[in-house]
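Let's take a walk through this one together, starting from the inside and working out to where the chains meet. Have a look at the picture first.

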Amino acid sequence: MSIQYYLFLSLALFAIGVMGVLMRRNAIIVFMCIELMLNAVNLLMVAFSKMMGNSDAQIFVFFIMVVAAAEVAVGLAIIVMMYRKVHSVDINILNRLKH
Amino acid sequence: MSLHEILFYFLSLMALGCALGVILSRNPVKSVLFLIATFFAISGHYVLMNAQFLAIVNIIVYAGAIMVLFLFVIMLMNLNADAEPQKSRLVQFAAVLSGGALFLVIIAALKTAGIHTEGNKIDGSGEIGLIHNLGQVLFREYVLPFEVSSVLFLSAMIGAMVIGKKEEAKSEA
């Protein structure tokens, strides 16, 4: 397998994540699509580390997973708090910054 | 077509199909299950590249911990397909269009970038992904980021608890 296959696969996964962020209104699904984009990048980094024969990129993938886990913990806490206040996870309701 | 290629195409199809399922399914619980399947496919890719440590960590951290958290939150909020807010057709069309445009632009950029592929073939050989080698690198060169990430986890834990506290308890403090 050459690197191009992995490039296109990760790119397609990333584009699907972008589409999900743009087309869904449920805040949890938007959050899941961000996780999908992070994973696409992880996959590409592992492929490049394999191609270069260098293990630093795999350590970086490990740290990305660490940061993603912390981010999910805080982000879901925010979503739960928001749900308690407005009883919805619709991101179109949270547009007060616009006005 | 070797076994490696067959597995690659199978896992790629599975990852892309399940990723589409995440953004297309109406029911949030189904979205979570599709995302777990996507993560398993990506773990399969890691195994194909002989990055066994990351494959296991991906399953334990993402499929095991993060997605269970998502599932718990969705079930606590009692979300289902009927209550699911939908964007208008026009916005959905624009979203797909802009996502596809991003895909095309990056493909065009990669085509002219001329990636040099004299590096190793990506196959199941090599030992850089094994836990022995990664542990050596992690604890020799990346010891400081490793310790900092533990502080990050601690602050994220405290932050999640502070944010998630009940409102009346917060006004007392």
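In this predicted model, the largest nonpolar core holds 68 residues, and the members that touch the most others are Ile28(A), Tyr46(B), Leu54(B), Met67(B) and Phe70(B). The largest share belongs to H3(B), with 13 residues.

Now zoom in on Ile28(A). Leaving out residues up to four places away in sequence, Ile28(A) touches Ile79(A) and Val89(A) in its own chain, and across in chain B it meets Phe70(B), Val73(B), Ile74(B), Met77(B) and Leu79(B).

Step back and look at the whole meeting of the two chains. Chain B puts 86 residues into the contact and chain A puts in 72. Together they bury about 7,200 Å², with 77% of that on carbon and sulfur atoms. How many salt bridges cross the interface of chain B and chain A? The rule finds zero, though it does pick up seven residue pairs in polar contact there, both partners at pLDDT 80 or more.

H3(B) gives the most, with 13 residues. Sort the residues on that side by type and you get 53 nonpolar, 22 polar and eleven charged.

Terms used. Residues numbered from 1 in each chain as written. Chains lettered and ligands numbered in written order. Predicted model: local features only at pLDDT ≥ 70, side-chain atom pairs only at ≥ 80, totals over all residues. Heavy atoms only, no water. Core = buried A, V, L, I, M, F, W, Y, C linked by side-chain atoms within 4.5 Å. Buried < 20%, exposed > 50% of the residue type's maximum accessible area, 1.4 Å probe, protein only. Helix = DSSP H or I, 4+ residues; strand = E, 2+ residues; numbered from the N terminus. Contact = heavy atoms within 4.5 Å. Buried area = accessible area lost by both parts, 1.4 Å probe. Salt bridge = Lys/Arg side-chain N within 4 Å of Asp/Glu carboxyl O. Polar contact = N/O pair within 3.5 Å; in protein donor to acceptor, adjacent residues only side chain to side chain. Nonpolar A, V, L, I, M, F, W, Y, C, P; charged D, E, K, R; others polar.
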